[in-house]
Amino acid sequence: MSSTLDHHGTAGPAQDDASPAPGHSNVAPSEIAVGVVIGRASEYFDFFVFGIASVLVFPPVFFPFRDRLHGLLLSFVVFALAFVARPFGTALFMAIQRRWSRGTKLTAALFLLGSATVGMAFLPGYETLGWRAIALLAFFRVLQGIAFGGSWDGLPSLLALNTPKGKRGWYAMLGQLGAPIGFMLASALFLFLHTQLSSEDFLGWGWRYPFFVAFAINVVALFARLRLVVTEEYTQAMEERELEPIGIIEMLRKQDYNIVLGAFAALASYALFHLVTVFPLSWITLGSTQSVNDVLLIQVIGAGVGILGTVTSGFIADRIGRRTTLGTLAFLIGIFSFFAPWLLGGSRVAQDAFILIGFALLGLSYGQSAGTVTSNFPIRFRYTGAALTTDVAWLIGAAFAPLVALGLSSKFGLGAVSIYLLSGAICTLGALRLNKALESRD
């Protein structure tokens with residue numbers, strides 16, 4: 001195996017401590033952080049609207065010809081398509097940015113995302129269009145994935161290179177706050193609609209409303225992000241930092257090792273991600289051990305716990321180090337995996353505990369999962385490298401988690417959840433250890 005120098009040259013983690021040289025453009029970290037939070041929250045709201053609808057809406061609306069379990073499994077197949085398409089979206093829109101501009105790329109990506117989301121809101125069900133309704137749902141989901149890949153604006157990379165020493169963990173977690181915030185808003189909106197509407201009205205038209213809201217949020221977020229992205233200061237800072245849209249072939253040829261290592265280093269977080277958000281809603285409602293409204297309510301509370309955990313991760317990481325934080329949380333997720341079957345398969349209190357504890361671990365872990373290893377990339381490759389690393393982590397860690405967990409658990413029991421989580425924790429610990437060993441050897 002070649003050394004890390006073969007893959008990332010002389011630029012190692014010490015680059016994170018770099019500060020703008022005299023005469024360079026200073027972009028305030030707080031301004032970048034605002035753009036990051038707004039952008040990620042809007043994307044994750046869109047993301048979780050589809051995830052929740054995959055459990056509550058799509059089985060009866062698009063797969064009424066199958067029983068509840070198999071309707072859920074088919075919904076989760078469609079759910080996974082976006083993660084498969086996401087790397088292709090990254091490649092496509094990096095080419096668009098090289099040809100035109102960063103603003104053009106972001107506008108086109110969010111326009112595509114909004115169009116796909118609104119398209120889903122107008123889709124008739126299976127009883128009207130038959131298999132064509134399913135094909136269109138899958139088509140729009142693929143478009144969402146392509147748009148997610150293209151929506152990378154480089155703000156997290158710029159933020160990492162402009163934060164003061166000793167505050168890396170704090171500013172890193174700000175970019176991750178979008179996930180629990182987006183999930184909380186999506187869950188709360190579905191809870192309100194499911195509580196206020198009859199089952200007939202909810203499945204007839206009520207479920208479409210969150211998709212319209214997602215489109216509106218994306219429009220607002222687009223202007224908020226463009227206001228920062230297209231400024232002269234931001235553009236100059238990106239150019240000075242050499243944060244460039246590198247071609248995918250060149251990235252894979254020169255930085256494939258760092259992409260894979262970075263994705264596996266965050267795998268525990270991504271494996272846990274859908275197993276405390278989308279999967280519990282499917283499993284609990286399938287077993288009818290709690291009402292949909294009760295599960296949605298505890299998940300809204302869980303998202304609040306996740307927000308607190310994410311914020312706390314910033315304080316912890318700045319004291320003990322981001323890699324130590326991520327490794328410790330991977331170990332705790334591994335321990336949690338052994339209790340998952342007992343909690344999720346237990347009483348209502350036990351199921352609620354699974355969700356709340358899971359969100360606490362997710363917040364603490366996910367808060368530091370981005371960029372812990374991407375500092376291995378030379379600065380020139382970091383813009384595209386961070387995007388591809390995230391794409392791969394989502395694909396191998398989270399894309400098929402609800403499908404695999406539900407399919408195996410329904411057949412063999414909830415021990416499958418333990419195996420899935422434990423494998424993610426082991427991969428993270430192994431990747432972090434390997435990265436440390438390669439750094440020491442260099």
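1. Some housekeeping before going on. This is a predicted model, where local features need pLDDT of at least 70 and side-chain atom pairs count only at pLDDT 80 or more, while totals for chains, interfaces and linings use all residues. Residues are numbered from 1 along each chain as its sequence is written, and side-chain values use heavy atoms, with hydrogens and water left out.

2. Now the helices. Helices here are DSSP runs (H or I, at least four residues), numbered from the N terminus, and the expected span of one is 1.5 Å times one less than its number of residues. Helix 5 (residues 102-121) has 20 residues and should span 28 Å; its end C-alpha atoms are 29 Å apart, which agrees. Helix 10 (residues 178-196), with 19 residues, reaches 27 Å from its first C-alpha to its last, close to the 27 Å expected.

3. How enclosed are they? "Buried" means under 20% relative accessible area, "exposed" over 50%, and "partly exposed" in between (1.4 Å probe, protein chains only).

4. On to charges: a salt bridge is a side-chain nitrogen of Lys or Arg within 4 Å of a carboxyl oxygen of Asp or Glu. The whole structure has five of them. Take Arg-86 and Asp-391, whose side chains meet at 2.8 Å, N to O. Arg-86 lies in helix 4 (residues 68-99) and Asp-391 in helix 20 (residues 379-397), so this pair ties together parts that are 305 residues apart in sequence. Arg-86 counts as buried at 16% relative accessibility, and Asp-391 is buried at 2%.

5. An α-helix has 3.6 residues a turn, so residues three or four places apart point the same way. Arg-40 and Glu-43 sit three residues apart in helix 2 (residues 29-56), about one turn of the helix. Their closest N and O atoms are 3.9 Å apart, and both residues are buried.

6. Helix 14 (residues 248-265) holds another such pair, Glu-250 and Lys-254, four residues apart, about one turn. Their side chains meet in a salt bridge at 3.3 Å, N to O. Salt bridges that share partners join Glu-250, Lys-254 and Arg-380 into one network. Lys-254 is partly exposed, with a relative accessible area of 34%.

7. For rings, the rule is that those of Phe, Tyr and Trp (its six-membered ring) pair if their centres lie within 6.5 Å; planes under 30 degrees apart count as stacked, over 60 as edge-to-face and the rest as tilted. That gives 34 aromatic pairs. One of them is Phe-62 with Trp-207, edge-to-face, at 6.4 Å centre to centre and 80° between the planes. Phe-62 lies in helix 3 (residues 58-62) and Trp-207 in the loop between helix 11 (199-204) and helix 12 (209-229), so the pair ties together parts that are 145 residues apart in sequence. Both residues are buried.

8. Phe-62 turns up again in the core. A nonpolar core is a set of buried Ala, Val, Leu, Ile, Met, Phe, Trp, Tyr and Cys residues joined through side-chain atoms within 4.5 Å. The largest has 94 residues, and those with the most contacts inside it are Leu-56 and Phe-62. Helix 2 gives the largest share of this core, 10 residues. Apart from it lies another core, of nine residues, among them Ile-32, Val-36, Leu-159 and Leu-177.

9. Next, Leu-329 in helix 18 (residues 322-344). Leu-329 is buried, with a relative accessible area of 6%. Not counting residues up to four places away in sequence, Leu-329 touches Leu-361, Leu-364 and Ser-365 (contact means heavy atoms within 4.5 Å).

10. Last, have a look at Ser-288, in the loop between helix 16 (278-287) and helix 17 (292-320). Ser-288 has a positive phi of about 55° although it is not a glycine. At 61% relative accessibility, Ser-288 counts as exposed.

How values were computed
Helix = DSSP H or I, 4+ residues; strand = E, 2+ residues; numbered from the N terminus.
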